[in-house]
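Here's a quick tour for anyone meeting this structure for the first time. Have a look at it below, and then we'll go through it topic by topic.

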Amino acid sequence: MPKHNIRGGIIMKLLTIRQNGTETLGIKTKNGIIDMTRAQEIMPNSDVPTNLMKLLKKGETAVATLKKYIQSLPADQKDDYVVDESAITYGPAVPNPSKIICIGLNYKKHADETGLPYPKHPVLFNKFNNALSAHLEEVPVPKTTERLDYEVELGIVIGKRAKYISEDEALDYVFGYCTTNDLSARDLQKRASQWLTGKSLDGFAPVGPYVVTKDEVKNPNALRLTTKVNGELRQDSTTADMIYSVEELVSYISHYMTLEPGDLIMTGTPEGVIIGKPIEERVYLQPGDEVTVEVEDLGALTTKFVEE
């Protein structure tokens, strides 16, 4: 449960609210969601970002400023800036990353179920922003695939520019973590040596509902991950099974490209995906299916599939 309240609490979960064609920052509290656009109307402060990407780019000083701002909001006016979470429309928790970097075959048991050797180096591929989708969003099943699969994954949100950093300092560059789903069109993915076509279709990167600041996560390398399809448990594992840890991944990637605030790293999926089953047991996702992926302490992310 959140440890904070409107006055004087710790920021635990940040989210993106879609409203009137814009995206605004939300702060989850035990009393509801603080809508930062509404809060600014009551108590203007140009130093406080109303968008998660702006917050990330301003760095740790902006986070401290945001905490003080929330603590000073007038409690007697909370009905004007606190909204019921059930009434909001979510945006992708990370709304506009400059890079979405994904890791393939990063779980031992997932590599085992697909019959592939453990990679000698992290396997990197990418998705684009067209793939981003939000909690409870409807994602069309593309007409171009017959083999749509789910992949629950831990997402890493970068908090400051990183280049050639060591594993020991890697977590200093992490802002927080989120739940993600690396949706995959297996037939498209496997027809070429590059995975892009099967990985970056529209809506194929659900992210959310929240970004949880790193201070609230004791050990990102020991978190339970689950996937449920129409309520049936399909994946149930832990990030402890990752071949490459959070620290190793952030450090490794930084040696090949500069990581920027707001960049999203999707760290791979555990066993239990559809393609890991015997061929006769593979029943791929269809319009009408509902998939909920969850990472311990980070929240459950639901995607509803519809016909394109």
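Does R18 count as buried, partly exposed or exposed? With a relative accessibility of 32%, R18 counts as partly exposed; buried means under 20% relative accessible area, exposed means over 50%, and partly exposed is in between, using a 1.4 Å probe and protein chains only.

Keep in mind that this is a predicted model, where local features need pLDDT of at least 70 and side-chain atom pairs count only at pLDDT 80 or more, while totals for chains, interfaces and linings use all residues. Residues are numbered from 1 along each chain as its sequence is written, and side-chain values use heavy atoms, with hydrogens and water left out.

**Salt bridges**

- The structure holds 14 salt bridges, each one a side-chain nitrogen of Lys or Arg within 4 Å of a carboxyl oxygen of Asp or Glu.
- R18 has a part in one of them: its side chain meets that of E23, at 3.8 Å from N to O. E23 is partly exposed too, at 30% relative accessibility.
- D79 and K78 form another, with their closest N and O atoms 3.8 Å apart. Here D79 is exposed at 64%, while K78 is partly exposed at 34%.
- D149 and R186 also meet in a salt bridge, at 2.9 Å from N to O. D149 sits in strand β10 (residues 148–149) and R186 in helix α5 (residues 186–190), so this pair ties together parts that are 37 residues apart in sequence.
- Both ends of that pair are tucked away: D149 is buried at 0% relative accessible area, and R186 is buried at 3%. Through shared partners, salt bridges join K127, D149, E151, D182, R186 and K199 into one network.
- About those labels: helices (H or I, at least four residues) and strands (E, at least two) are DSSP runs, numbered from the N terminus.

**A buried charge without a partner**

- D241 is in the loop between β17 (232–238) and α7 (246–254).
- D241 is buried yet has no salt bridge, and the nearest side chain of opposite charge, K108, is 5.4 Å away. For charge, Lys and Arg count as positive and Asp and Glu as negative, with His and the chain ends not counted.
- Leaving aside residues up to four places away in sequence, D241 touches N106, Y107, K108, K109 and E271; contact means heavy atoms within 4.5 Å.

**Helices**

- Helix α3 (residues 60–72) has 13 residues, which at 1.5 Å a residue should span 18 Å; its end C-alpha atoms are 19 Å apart, which agrees. That expected span is 1.5 Å times one less than the number of residues.
- The buried residues of α3 include A62, V63, L66, Y69 and I70. They cover an arc of only 120° around the axis, which puts them on the same side of α3; the arc is that of the directions from the helix axis to the C-beta atoms.
- The face of α3 turned away from that buried side carries the exposed residues E60, T61 and K68.
- Among the elements covering the buried residues of α3 are β2 (22–29), α1 (36–42) and β12.
- In α7, 7 of the 9 residues are buried, so this helix is largely enclosed by the rest of the structure. Its buried residues pack against β6, β7 (123–127), β11, β12 and β18 (264–266).

**Strands**

- In strand β12 (residues 174–181), 8 of the 8 residues are buried, so it is largely enclosed by the rest of the structure.
- Two strands pair if DSSP finds at least two bridges between them. Strand β11 (residues 152–158) runs antiparallel to β12, joined to it by 7 bridges, and E153 has T180 in β12 as its bridge partner.
- β12 also pairs with strand β15 (residues 211–213) in the antiparallel sense over 2 bridges, with Y177 opposite V212 in β15.
- Strand β20 (residues 299–307) is joined to strand β9 (residues 138–141) by 4 bridges, and the two run parallel. With strand β19 (residues 290–295), β20 runs antiparallel over 6 bridges.

- Most residues other than glycine have a negative phi, and most peptide bonds are trans.
- A cis peptide bond joins G208 and P209, with omega about -5°.
- N20 has a positive phi near 55° and is exposed at 80%. L105 also has a positive phi, near 50°, but counts as buried at 16%.
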